[in-house]
Amino acid sequence: MISVQNLTKIFPAKNGDVTAVDHVNLEIKEGEIFGIIGYSGAGKSTLIRLLNGLETPTSGSVIIDGKEIHNIRGAELRKARQQIGMIFQHFNLLWSRTVRENISFPLEIAKVPKQERKKRVDELIKLVGLEGKEDAYPSQLSGGQKQRVGIARALANNPKVLLCDEATSALDPQTTDSILELLVDINQKLGLTIVLITHEMHVIRKICHRVAVMEAGKIVEVGPVLEIFKRPKAEITKQFVRQVTETEEPSEAIEHLFRKYPEGKLVKLTFAGESVEKPIIAKLIRETGLDINILHGNISQTRNGAYGFLYVQMAGDPEALAKAFEILSAEQIGVEVMKNV
Amino acid sequence: MFSAIFPNVDLAKAWQKTWETLYMTGISIIFIFLLGIILGLLVFLTSKGNLWENRWIYGIISGLINIFRSIPFVILIVLLIPFTKFLVGTMIGADAALPALIIGSAPFYARMVEIGLREIDKGVIEAAKAMGANTFTIIFKVLLPESMPALVSGITVTAIALVGYTAIAGVIGAGGLGDYAYLDGFSQNQNDVTFFATLLILLIVFIIQFIGDFITKKLDKR
């Protein structure tokens with residue numbers, strides 16, 4: 001659906017050019033929810049704006065649904081943009097228009113006749129769950145409701161692709177979840193391809209199929225979300241994964257565990273996919289006779305399976321420990337001995 | 001009672017002078033509104049980072065606005081005499097005051113339009129672009145509606161300044177309440193006439209302010 005090749009964007013500046021996007025290659029499949037994560041300044045905002053031609057690339061190509069976005073201009077580009085919806089961090093609604101009129105705006109641009117416009121707006125209001133708010137002005141809505149208007153507006157012309165520019169970054173956690181659910185819902189109902197950029201790993205974990213990690217204009221890592229959670233390679237990816245899996249400063253928490261449980265071995269077990277659901281600890285105790293003490297754990301659900309980890313204290317003779325490690329590796333569970341005490 | 005306080009005021013004449021002031025203000029405000037919005041839009045659109053970014057056009061229009069805004073109104077009337085004679089055919093009467101009133105106030109209003117347009121969130125313009133809107137649509141469906149409260153409160157301020165300008169024009173022969181206060185009042189040493197004309201001007205200003213505030217409030221849904 002979306003094919004990005006060798007895409008580069010350089011902004012000329014007084015003290016040296018700034019390379020915001022640096023030779024980026026991406027293939028995004030139809031119906032996929034694809035996340036791009038990075039800290040601010042990583043170039044993800046520029047990248048998403050290159051996808052609908054709001055920025056023109058310095059070099060490279062962007063092809064969406066067969067259209068060469070990097071090559072077209074004027075009326076043809078405007079026509080292509082009607083097939084690419086976009087929602088924004090700050091919603092960007094027209095405050096002078098009611099909910100209904102805001103959603104109607106892209107239809108007016110596409111020159112849809114008035115009768116059809118009204119019908120389509122009613123459908124969209126139902127789709128995003130804003131019944132009863134049709135005639136309210138944006139200033140009378142909450143953040144979540146505003147983003148729902150933004151989503152309805154972006155979907156008005158039945159686009160094939162939806163671009164989300166930090167769509168939940170201005171919302172509280174609860175509202176974020178409800179907006180993410182809505183995005184998953186329309187992804188499934190309409191088969192829409194969604195590209196979202198964010199700095200929150202939580203968003204990626206909740207709804208994305210695949211993720212690309214961006215740093216200094218480059219894609220440093222890309223893959224299925226569970227894969228990235230299991231085996232993050234780049235240091236920045238590890239940081240993002242930690243955002244979700246660890247509640248406290250990790251070293252501090254472990255230090256605390258060491259002091260509290262000085263006997264045996266402190267082991268971190270990492271589960272992914274099916275292994276999360278198996279009664280591993282019971283099996284270990286039964287088959288090895290070790291004393292196992294569960295200290296701390298966490299499970300995160302991603303679109304392609306669960307990911308979790310467990311800190312346990314294992315005490316017993318060396319043979320039993322060796323046997324325990326065998327069982328664990330046979331079950332494909334990651335084992336990391338934190339420290340021999 | 002009235003003739004005791006204002007012995008020299010002829011109500012028929014006062015009404016005629018009021019009408020002249022309203023006529024000058026009304027006609028010019030229509031032209032100023034249109035001209036100011038066109039100039040303001042051009043300056044905004046050609047400024048840095050906007051749809052028609054163009055340093056030269058921006059520089060020229062912005063320069064003209066600054067020049068015409070800086071010339072004192074009395075001097076502007078004199079400078080425009082040949083132009084007015086060519087356009088209206090005379091230098092006397094309310095119609096002859098119109099060119100100077102419009103040219104003197106439109107640049108002032110254009111700046112207020114520009115400020116109003118600048119206050120629009122850039123993100124909203126970007127959203128319209130992302131929807132595939134062309135510049136025409138962005139102007140008429142985003143820029144003007146979104147800045148309408150600022151445009152109306154701007155024209156209110158301009159209209160009030162304009163009432164003052166008509167009074168100056170009146171002294172030079174355009175008629176209106178300024179002419180009434182000066183020729184019938186001051187020149188003939190009839191202070192009550194000057195005072196009455198002042199009251200009428202104040203009344204006009206208050207009414208303009210009231211209407212302007214009312215419409216601005218109605219339009220503003222922020």
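Predicted model: local features only at pLDDT ≥ 70, side-chain atom pairs only at ≥ 80, totals over all residues.
## Strands β1, β2 and β4 of chain A

Strand β1 of chain A spans residues 2-11 and pairs with two other strands described here. With β2(A), the pairing is antiparallel and extends over 7 bridges. With strand β4 (residues 59-64) of chain A, β1(A) is joined by 5 bridges, and these two strands also run antiparallel. Individual partners can be named on each side: F11(A) is bridged to V18(A) in β2(A), while S3(A) has I63(A) as its bridge partner in β4(A).

## E27 of chain A

E27(A) belongs to strand β2 (residues 18-28) of chain A. Is E27(A) buried, partly exposed or exposed? There are 13 other C-beta atoms within 10 Å, so E27(A) is partly exposed; the buried class would need 20 or more, and the exposed class 12 or fewer. L47(A) is 20 residues away from E27(A) along the chain, and the C-alpha atoms of the two are separated by 14 Å.

Strand β9 of chain A, residues 210-215, is mostly covered, with 6 of its 6 residues buried. R210(A), A212(A) and M214(A) point one way from the strand. V211(A), V213(A) and E215(A) point the other way, and the residues of both sets are buried.

β9(A) is joined to strand β3 (residues 33-37) of chain A by 4 bridges in a parallel arrangement. In this pairing I37(A) stands opposite V213(A). β9(A) is also joined to strand β10 (residues 218-224) of chain A, here by 6 bridges and in an antiparallel arrangement. M214(A) stands opposite I219(A) of β10(A). The hairpin of β9(A) and β10(A) has 2 residues between the strands, and A216(A) takes a positive phi near 50 degrees there.

## Contact between chains A and B

The contact between the chains involves 18 residues of chain A and 19 residues of chain B. On the chain A side, the elements that give two or more residues are α2 (74-81), β6 (84-88) and α3 (99-109). The chain A residues that touch chain B divide into 9 nonpolar, 6 polar and 3 charged.

## Annotated span of chain B

An unreviewed UniProt entry carries the annotation "domain: ABC transmembrane type-1", which covers residues 18-212 of chain B. In the model, this span is 86% helix and 0% strand. The C-alpha atoms at the ends of the span lie 20 Å apart.

## Helices α8 and α10 of chain B

Two packed helices are described by the angle between their axes and the distance between the axes. For helix α8 (residues 135-174) and helix α10 (residues 191-219) of chain B, the axes come within 8 Å and cross at roughly 170 degrees. Angles over 145 degrees count as roughly antiparallel, and therefore α8(B) is roughly antiparallel to α10(B).

On the α8(B) side, the contact is made by M148(B), P149(B), V152(B), S153(B), T156(B), A159(B), I160(B), V163(B) and A167(B). Residues from α10(B) include I201(B), I204(B), V205(B), I208(B), Q209(B) and G212(B). The residues of this helix contact divide into 13 nonpolar, 5 polar and no charged.

Conventions
Residues numbered from 1 in each chain as written. Chains lettered and ligands numbered in written order. Axes fitted to C-alpha atoms, helices over the stretch in contact; angles between N-to-C directions. Parallel < 35°, antiparallel > 145°, perpendicular 65-115°, else oblique. Contact = placed C-beta atoms within 7 Å. Nonpolar A, V, L, I, M, F, W, Y, C, P; charged D, E, K, R; others polar. Pairing = 2+ DSSP bridges. UniProt positions renumbered as here; feature names shortened; annotations may be inferred.
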